[in-house]
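Visitor: I've got a few "how do you know" questions about the labels used here. Mind if we go through them one by one?

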Amino acid sequence: MGWKNWNMRIIRSGENECWRWDGGHRNGYACVWADGKWGHASRHIWQKVHGAITPGFHVDHKCNNNWCVNVAHFQLAIARDNIKNKVNLVDLIDYINQKE
């Protein structure tokens with residue numbers, strides 16, 4: 001099954017839920033072989049749905065699940081903001097765990 005059948009690789013749950021990628025994974029990210037190299041499935045899906053990604057931008061998972069391929073959970077962000085979003089989530093989880 002090639003990249004042209006990418007839509008068949010998505011395991012959908014509810015419309016607002018995280019969707020799993022029924023394909024390759026690397027370092028917690030859904031991955032796909034496309035254009036002669038491995039890449040994040042989220043980037044390829046974003047491009048299929050929205051078009052080209054502006055240079056310098058990353059696909060940020062608003063749900064903070066790197067394996068999620070629900071395009072509704074994606075936003076474009078510069079690297080600094082993408083990392084900041086993840087750090088803020090880790091800080092929040094640490095804070096909640098300290099209160100329990």
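This is a predicted model: local features need pLDDT of at least 70, side-chain atom pairs count only at pLDDT 80 or more; totals for chains, interfaces and linings use all residues.

Visitor: What makes cysteine 63 partly exposed?

Guide: Buried means under 20% and exposed means over 50%. Cysteine 63 has 23%, so the label is partly exposed.

Visitor: And why is cysteine 31 called buried?

Guide: Its relative accessibility is 4%, and the cut-off is under 20%, so cysteine 31 counts as buried.

Visitor: How do you know that cysteine 63 is in no disulfide?

Guide: The nearest cysteine sulfur belongs to cysteine 18 and sits 3.7 Å away. The structure as a whole holds zero disulfides.

Visitor: What makes strand 4 and strand 5 a pair?

Guide: They share four bridges, in the antiparallel sense. Pairing takes at least two, so they pass. Cysteine 31 has histidine 40, in strand 5, as its bridge partner. Helix 1 packs on the sheet, touching strand 4 and strand 5, and its direction makes about 80° with that of strand 5.

Visitor: Why are strand 3 and strand 5 called edge strands?

Guide: The open sheet has three strands in the order 3-4-5, paired antiparallel. Strand 3 (24-26) and strand 5 each pair on one side only. From one strand to the next, the twist averages 50°.

Visitor: Which residues of helix 1 are buried?

Guide: In helix 1 (residues 41-50), they are Ala41, Ser42, His44, Ile45 and Trp46. Their cover includes strand 6 (57-61) and strand 7 (74-78), among others.

Key
Residues are numbered from 1 along each chain as its sequence is written. Side-chain values use heavy atoms; hydrogens and water are left out. Buried means under 20% relative accessible area, exposed over 50%, partly exposed in between (1.4 Å probe, protein chains only). Contact means heavy atoms within 4.5 Å. Axes are lines fitted to C-alpha atoms, for helices over the stretch in contact, and angles run from 0 to 180 degrees between N-to-C directions. A disulfide is a pair of cysteine sulfur atoms within 2.5 Å.
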